Amino acid sequence: MTTSRLKNRVNDEKKRPKALVLFSGGLDSLLAVKLIQDQGVDVEAVNFVTPFCLCDRCSVNRFSEELKIKVHRVFLGQEFLEVVSNTPHGYGSQMNPCVDCRILMFRKAKEIAEKIGADFLVTGEVLDERPFSQRRKTMLLIEKEAGLEGKILRPLSAKLLPETEAEKTGLVDRSKLLAIRGRRRLPQMELADKLGLKEYPNPSGGCLLTDPEFARKLKDHLKNEGRLTLTDVTLLKTGRHFRVDKAKIIVGRNKKENDRLLHIAKTQGFSYLEVANYKGPVTLCIGDTTRKMLKKAAEITARYADAPKDVPVKITCVNGETKEIITVKAIKDGELEKLRV
Ligand code: SF4
């Protein structure tokens, strides 16, 4: 990835240039791969997965096979959570720390590029497609902070951006690169047609951090707990969330969630509640399990039990070594909504 290595590549006519593409499996990264392959560049890809990914793994597998590219899958776990809870460049419209997320991904990609002997990096980024992370100034800042100035080629918008080292040294022909800009997807769809891509993934894909409902829960969590673990993320993705004073109450919405909550409660030693005399949810309690809080959790649990309205419901409450049954009436909807996160 050094300039001298780039020059060596040019001098060594036997070797084809090699690029590492940041590959999400979405249309833009697919087009970037095609455009760069069409210039005689060998391509490998890296696909980053975060705990918040809603991405379609099948699409990554299918298109990597179709394009005949090797994909390095990288899971960004606790390291990514640190970025989410402490983001130097701030959040986008929700809890998405896109700038710091991209810096982290590029730093990781740089390590892989060094290992596989790639000459430069490629992304499917389109100038001004995303307001937070794909403005010209921000893209160049991300590059700089990742230690990759001039080494990231964005074939879809290259002609609108400064010339990269790969273009300067002739590894790729700038005249064949594009000048797509903005949020309209039409140019990409037309290009897909032109390149013979009949089927391609839906542009939506996604990241839970941009979802307003999830962002609200995450914000509440960080405000109250101040730290974020992988178990926290699993819990944030599970159930209905309520806050009583400093404690969190999570109520399962279906069997899968109830099983998950029960498993976490038993393995991590959290207090939990179940409906004793009707069908109903599992409820997990995190934080100070005072009598007041457990009673409120029981009333909330009763609200979601399959019991007739206003009938007292028996709730089994497991708190450490103590197991007791308490009888409560379901919480009223008005009060419930005030506690909802
Ligand atoms: S949307 Fe999510 S995955 Fe994408 S750059 Fe932003 S934080 Fe990272």
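The points below go through the model's ligand shell, pocket, cores, salt bridges and backbone.

1. A word on the basis. This is a predicted model, in which local features need pLDDT of at least 70 and side-chain atom pairs count only at pLDDT 80 or more, while totals for chains, interfaces and linings use all residues. Residues are numbered from 1 along each chain as its sequence is written, and side-chain values use heavy atoms, with hydrogens and water left out.

2. The ligand shell. Around the ligand you will find Pro97, Cys98, Cys101, Arg102, Cys207 and Thr210 (a residue is near a molecule if one of its heavy atoms lies within 4 Å of it). Sorted by class, this shell has four nonpolar residues, one polar and one charged. Here Ala, Val, Leu, Ile, Met, Phe, Trp, Tyr, Cys and Pro count as nonpolar, Asp, Glu, Lys and Arg as charged, and the others, Gly among them, as polar. Arg102 also belongs to a network of salt bridges with Glu125, Glu143 and Arg154 (a salt bridge is a side-chain nitrogen of Lys or Arg within 4 Å of a carboxyl oxygen of Asp or Glu).

3. The second largest pocket. Its volume is about 260 Å³. A pocket is an open set of points on a 1 Å grid over the protein atoms alone, where a 1.4 Å probe fits, with protein on both sides within 12 Å along at least five of seven lines; lining residues have an atom within 4 Å of a point. Grid points are joined across faces, edges and corners, and the volume is the space filled by probe spheres set on the points. There are 14 lining residues, and Arg303, Lys309, Asp310, Ala330 and Ile331 are the closest to the centre of the pocket. The lining has eight nonpolar and six charged residues, with no polar ones.

4. In soluble globular proteins, nonpolar side chains tend to be buried together. The largest nonpolar core here has 37 residues, and Leu20, Phe52, Leu121, Leu218 and Leu228 have the most contacts inside it. Elements that each supply at least two residues of this core include strand S1 (18-22), strand S2 (42-49) and helix H9 (212-225), and H5 gives the most, with ten residues. Another core, of 31 residues, lies apart from it, with Val41, Val122, Ala158 and Leu177 among its members. A core is a set of buried Ala, Val, Leu, Ile, Met, Phe, Trp, Tyr and Cys residues joined through side-chain atoms within 4.5 Å; buried means under 20% relative accessible area, exposed over 50%, and partly exposed in between (1.4 Å probe, protein chains only). Helices (H or I, at least four residues) and strands (E, at least two) are DSSP runs, numbered from the N terminus.

5. Of the 25 salt bridges found in the whole structure, one joins the side chains of glutamate 44 and lysine 18 at 3.1 Å, N to O. Glutamate 44 is in strand S2 and lysine 18 in strand S1, 26 residues apart. Are these two partners buried or exposed? Glutamate 44 counts as buried because its relative accessibility is 13%, and lysine 18 is buried as well, at 18%.

6. Arginine 303 and aspartate 333 meet through their side chains at 2.8 Å, N to O. Arginine 303 is partly exposed at 30% relative accessibility, and aspartate 333 is partly exposed at 45%.

7. Aspartate 245. This residue forms a salt bridge with lysine 292 (3.0 Å, N to O), and both partners are exposed. Aspartate 245 sits in the loop between S6 and S7, and its phi is near 55 degrees, a positive value in a residue other than glycine.

8. Aspartate 128. Please look at its backbone too: phi is positive, about 65 degrees, although aspartate 128 is not a glycine. Most residues other than glycine have a negative phi. Aspartate 128 lies in the loop between strand S4 (120-122) and helix H6 (136-145) and is buried, with a relative accessible area of 18%.

9. Alanine 32, in helix H2 (residues 27-37), is buried at 0% relative accessible area.
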